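Have the structure open and follow along.

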Amino acid sequence: MTTPLPASAVAAGSRHADGAFLRACRRQRPRHHPVWFMRQAGRALPEYKAAREGVAMLDSCRRPDLVVEITTQPVRRYGVDAAVLFSDIVVPLAAVGVDLDIVPGVGPVIASPVRDRAGVAAIRSLEGDDVDFVTEAVRALAADLPVPVIGFAGAPFTLASYLVEGGPSRQHLRTKALMYAEPALWHALLERLAALASAFLRVQIDAGAAAVQLFDSWVGTLSEADYRRHVLPHSAAVLASVADVPRIHFGVGTGELLRAMGEAGADVVGVDWRVPLDEAARRVGPGRALQGNLDPAVVATAPWGVVAAAVDDMLERGRAAEGHVVNLGHGVLPETDPDVLTRVVERVHAAPVG
Ligand code: CP3
């Protein structure tokens, strides 16, 4: 079921409806291959470093003037086909009172990790003016940018992994411990996080975001059976709540989960660099577009000839998908030369659409 769009979103969405990015999301033939980069607004850009000088990450996410400037920087420099909102997946958690910080070079760190019923109960829902700064920034961007704005949220599993571990983790053992030992508490936690993610995406759509991406960055740590049982219903609830715009669903190391992630309700399934797009199209099956999947390390380290060959191979394999949004297989690495990304965009835009 789709809910009617507010006037602002109709205006913003329809203004770009015929653009390459939204057409590819809808599996319609675009005039050129659309491209944007996860973490395109970040430490690879000197203008980003200048804008962030002396401002802590979370503070920068709460300043609409900075959010507008930083979201716009990669559009200006690279000529990408979409702008991802400058924010972070932990911004809605901080907005509902979770005590956390984003530590440079580390990532989100939670003051009191959530491991019991009281911890889960303390995560309240998003309300009123909690994220007015997001509304203000997205409205300005949707009105002014020449390309659609992509809103985003962290998926319930990835948000839970930060909350339960207390910070970044490689093996997610505490997260899995909660999931296996206390399934009722686990589902209660994921239900709350799904409601929070839905509310945060709705704020962005109401302000004019024309598409959304649900980041389940760390869900690749699960088997398909565990994913289906412990995670999929909650991600599906989030995606079903925003069915009025194209929905991208992304994770890293999710080669074995691609079909299930598509079944969770995405219009576009994000693919990392480990699975070639023609194979990913086979795994995902019909009725979905794909997004990806250049290796960020290739873009950051390889000579141009190697990067160019990787771009051509990705485009060729991407023909197997019903729609293809070009991207990296994960975020831009800080070591990346921005000029290489500019050349990637030029090469993608110049390539014939099959
Ligand atoms: O193009 C963009 O930069 C869009 C904005 C964006 C950020 N984070 C800004 C950011 C988006 C979409 C995210 C999502 C995000 N945040 C994810 C999902 C995407 C992914 O990478 O898998 C995750 C897992 C997080 C949590 C997080 N926040 C991490 C792992 C880090 C990196 C820690 C580090 O410094 O290496 C952050 C911090 C962060 N988020 C930065 C930026 C620009 C760096 C902060 C800085 O410059 O000090």
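Start with the spot where P64, V67, V68, T71 and T72 of helix α5 touch F133, E136, A137, A140 and L141 of helix α8. Keep in mind that this is a predicted model.

**Helix α5 against helix α8**
- Sort the residues of this contact by class and you get seven nonpolar, two polar and one charged.
- To find the two helices, look at residues 64–78 for α5 and residues 132–144 for α8.
- Their axes are 9 Å apart, and the helices pack at an angle of about 45 degrees.
- Roughly parallel would need an angle under 35 degrees, and roughly perpendicular 65 to 115, so α5 and α8 count as oblique to each other.
- As for handedness, α5 and α8 cross in a right-handed way.

**Helix α11 against helix α13**
- The crossing of α11 and α13 is right-handed.
- On the α11 side, the contact uses H187, L190, E191, A194, A197, S198 and L201, while α13 brings in H234, A237 and V238.
- By class, the contact of α11 with α13 has six nonpolar residues, three polar ones and one charged.

How values were computed: Residues numbered from 1 in each chain as written. Predicted model: local features only at pLDDT ≥ 70, side-chain atom pairs only at ≥ 80, totals over all residues. Heavy atoms only, no water. Axes fitted to C-alpha atoms, helices over the stretch in contact; angles between N-to-C directions. Helix = DSSP H or I, 4+ residues; strand = E, 2+ residues; numbered from the N terminus. Parallel < 35°, antiparallel > 145°, perpendicular 65-115°, else oblique. Left-handed = near helix turned anticlockwise from the far one by under 90°. Contact = heavy atoms within 4.5 Å. Nonpolar A, V, L, I, M, F, W, Y, C, P; charged D, E, K, R; others polar.
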